[in-house]
Amino acid sequence: MNAWTSRLSLRSNTLLVQLIVLFFILVLFSILSPYFLSVSNFMNVFNQMVEIGLIAIPMTMIIISGAMDLSVGSMLAFSAVCMGVAFEQGLNIWICVAIGLIAGMLCGALNGYLIARHRMQAIVVTIGMLVMLRGLVYVINEGRPISGFPDGFYFLGQQYIGVVPFNAIVLMIMFLLAHFFMKKTRFSTYIYGIGNNEEVVRYSGISVVRVRFILFVLSGFFSALAGVFLVSRLASAEATSGTNIELDVITATLIGGTHIFGGRGSLAGTFVGLLIIVFLRNGLNLMGVSVLYQAVILGALLLLAVGNQKFNGA
Amino acid sequence: MKKMMTTVITGVLALSLAACGNAGPAPANGGTEGGASDPNARTYFINPKSIGPAYWAAAEKGAVQAGEDLGVNILYNAPTEADSSKQINMIQDMLTRQVDGIGISPNDSKAVGPVFRKAIGEDVQVVTWDSDAPETERQYYVAPATDEEIGELLAQTIGEEIGGEGEVAFMVAGLGSQNQIAKSDAAKAYFAEHYPDIEIVTTVSSDDDQQKAYANAQNLIRTYPDLKGIIGFAGGEPPAAAEVVEQAIQAGTLEAGQIAITGIAVPSVVKNYIKNGTINTDIIWDPGKLAYATVYILDQLAQGNEITDGMEIPTVGTVTVDGQSVFIGMLEVTNDNVDSFDF
Amino acid sequence: MKRLLNMHEAPIIIFTIIVTLAFSLYSSGFFGIDNLQMILDQNISMFIVAIGMTMVILLGGIDLSVGSVLAVTATSVGLFLSHGIHPWVAALMGIGIGVLCGMVNGFFIAYVKIPDIIVTLATMYIFRGIAVGISGGTWMTNFPAGFRFFGQGTLFGLSFPLLVAIVLIAIFIYGLKFSRFGRRIYAIGGNGPAAKLAGISVAKSKFKVYVLSGLLVGIAAVIFASKVGSVQASTAGNSLAFEVMAAVLIGGGSIFGGIGTIAGTMLGVLFMGIIKNGLIISKVSPFWVDATTGFLIILAISINTLQRYRQNKGKEGDLV
């Protein structure tokens, strides 16, 4: 992991900044807490960051394209609960997983349809979806958590392969794939292009509508996937899951150097940003620091880490 | 070069910030490391549902007090919102820290199963408090009473106050929260059995937002002009309902005593409403004693002692032990005793 | 000018009327002066905060921290009161704290030039932490009787907070439309670089707008504390930022700045208030309330966007 990130850091100065911050945090907590620097703690952290990490992948792409998706937490809960309800109907668990994923993609498609096709403002549409889907979750299961899934399903979120949690491996593979995708494919050029100058992309004969639509469907899919992993990890599908997860995801993305106005950013940066916030939280937890101070520290770090970038025309 | 400088500054500031967070004065709520400073003493992690509400702040004082009395370290912390996945992440972090026992008030009774199994496997004592997780491997559950008993007591109180008939509305903190569902279901069942003439018109949820609870109460009074009673199932609901009713009485749209209110609320928050007679009876237990008992039970378990029915817990008193549940008892707050509580 | 304005707010007006009619038909208790009064009363803080948010969004910015600023201000007012400070002084000091928070936001945004969303996301965390920190985890409650005036008092037979809101709305509508400062906001939001070339100090205007936003949130917080009667620092104003933003955008504002009016925003707030009140009064199942609210928000914004898209096809069609 270090090999490929450091290779990149030579090309991207921003990433270097983020890596140094991460390094500081790791060293700091290793000194301050005797429990921090251990394989089991690191694996524990990796296990915990999977949901935020999965959603951060499409979020990075969407922010690069100059939009934003605030409905991810609700989509996560909606797919999780759809999956749970399907399971209660006696369906095979893997069919239920598929149903959950499809439900997420449908939500994403609705977002995409309204935002891409009808040019509605992404923030408002996704706020609306945030409220509506969270409400639908309560309609579907009346707020009662669903549990009792078969043991085979818990493999996704609770099993370790060697010392590494299975879900963290999935996250790594997803990040590598997405990273490759963002570096090598033409589609990613469109994403950056739309973020920089949508008109030029359109006049180049590329369907901006389609690119945006695909991005929001992806967001729905990854949110649903995160929902599946969360249910597996917690052994329970809850109506409240994923509340405020969008803030964590956006914070990770921004600390990772993605430009809030679009056009710039990288998945490698997001990954480092993600590591920064999860290790920060873990380290502060280990030291017994109150979550109130954690919130203040996270806020200050966000200002400091992101604040030193240049924002043209901002 | 400039960038490097800013980087370094960022890092240094992050360092000092984090250090401040640790070295700063112990906050009045959340994140305190109370009790003995002896590093070899046993350490317990006491975990409420969330940090912020007055109820949990009162509990923290009890936990810290127990830590001092018993000579053990107490870590009291939770996420800022009652979110189950964040709570479980924090429990996992604490297991990494190798605490000797955890006292958890689970946001989701099922979701804590795996992490409890892991804790038991690592020889960590596991006790739930305030909210239970009956289908897990937790050793004991410390509570004032069962959710059913609390719900029934609330239903009984309001049933008596309104004379056994009329419309009653429920106000809850969250439609999806397990302990709210259990309590309101029990109240519903109690009405069905004992007061068939009481009709539950609706259940409104505030999502723990005071302003929303306030607006909910206003809408209730407007929507159901014949409403006779309101039960608030969480700490924020009864004061909001009482405030709205008092304002309506002042505005002349409601007669005093037309709507009876009861619920679960910390005495200090509803003191004025009880004195004004807007709330006649409020059900509560001392969250500090609850947390104290939790720490005490954990410490007994860690020492290999048995938990027996009728055992005496210092400052808390005699407790009832029923199977794996430890009950410390409820309190009824009325105009006569409201000034005697210090939480 | 007037016609253009009418056109701009037409969709939301029509949709609000349709929703009102639907609720009135569905529930007898909905249509009436006293219920309207109650809806206004419940949303006073929203109205006031939304004025500031409109200006921020007009500038092309965004303020996620309003809920946390509200919590800080309301909590500190509660603290002042519990120390026996006179209600009027406590309220003024609280508003001062709101202004201070606005200055912090404004400083980082206008002078350090960090994007609005990042600064306010960060201060959202920071102010919330401070609010809960100073509250010591307890509720601010049992306010003295004199303090009730701000949220519940009457002046000239009208509700005092409503009067405050009306005066503020009138001042800012006038100010945005006719003062130089107001025109600058539109100019900057419409085309920042051009405004800069025209000799407008973008930084100064931005700073001012955030300070004003802080001031308004401060006023709203005092009314909030007095009206609700108790403040819980960890949750007060939790969803305020999203709700107010939605109201601004439903009222015809554009997240990219330069477009929107305070009148439109007020209609947006009213619309959201009507939905929340109407759904409960119509005795809709509690499980359906949020789902329906979200659906109506999306519907409102759809109608808005489609209308605007049709009207200004050439001008604005390229915006997302």
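Figure 1. One residue pair, both members at pLDDT 80 or more, is in polar contact between domain 1 of chain B and domain 2 of chain B. A polar contact is a pair of N or O atoms within 3.5 Å; within protein, one must be able to donate a hydrogen and the other to accept it, and residues adjacent in sequence count only if both atoms are side-chain atoms. By class, the side of domain 1 of chain B that touches domain 2 of chain B comprises four nonpolar, two polar and one charged residues. Here Ala, Val, Leu, Ile, Met, Phe, Trp, Tyr, Cys and Pro count as nonpolar, Asp, Glu, Lys and Arg as charged, and the others, Gly among them, as polar.

The model is predicted: local features need pLDDT of at least 70, side-chain atom pairs count only at pLDDT 80 or more, and totals for chains, interfaces and linings use all residues. Residues are numbered from 1 along each chain as its sequence is written, chains are lettered from A and ligands numbered from 1 in the order in which they are written, and side-chain values use heavy atoms, with hydrogens and water left out.

Figure 2. Domain 1 of chain B spans 9–144 + 286–331 and domain 2 spans 147–284, with bounds from an automatic or database domain assignment. The C-alpha centres of domain 1 of chain B and domain 2 of chain B are 30 Å apart. Seven residues from domain 1 of chain B and nine residues from domain 2 of chain B take part in the contact, which means heavy atoms within 4.5 Å. The two domains of chain B bury about 830 Å² between them, 62% of it on carbon and sulfur atoms; buried area is the accessible area (1.4 Å probe) that two parts lose on being put together, summed over both. In domain 1 of chain B, the residues losing the most area to domain 2 of chain B are Tyr55(B), Met330(B) and Leu331(B), together 48% of what that side buries.

**Figure 3. A salt bridge within chain B.** Glu137(B) and Arg117(B) form a salt bridge whose closest N and O atoms are 3.3 Å apart. Glu137(B) lies in the loop between strand E5 (125–129) and strand E6 (140–143) of chain B, and Arg117(B) in helix H4 (residues 113–121) of chain B, so the pair ties together parts that are 20 residues apart in sequence. Helices (H or I, at least four residues) and strands (E, at least two) are DSSP runs, numbered from the N terminus. Over all chains, the whole structure holds 16 salt bridges.

**Figure 4. The interface of chain A and chain C.** In this interface, 47 residues of chain A are in contact with 44 residues of chain C. Chain A and chain C bury about 3,900 Å² between them, with 78% of it on carbon and sulfur atoms. Arg119(A), Gln121(A) and Leu303(A) supply 17% of the area that chain A buries against chain C, more than any other three residues. Between chain A and chain C there are zero salt bridges, and two residue pairs (both at pLDDT 80 or more) are in polar contact.

Figure 5. H7(A) provides the largest share, 13 residues.

How values were computed. Salt bridge = Lys/Arg side-chain N within 4 Å of Asp/Glu carboxyl O.
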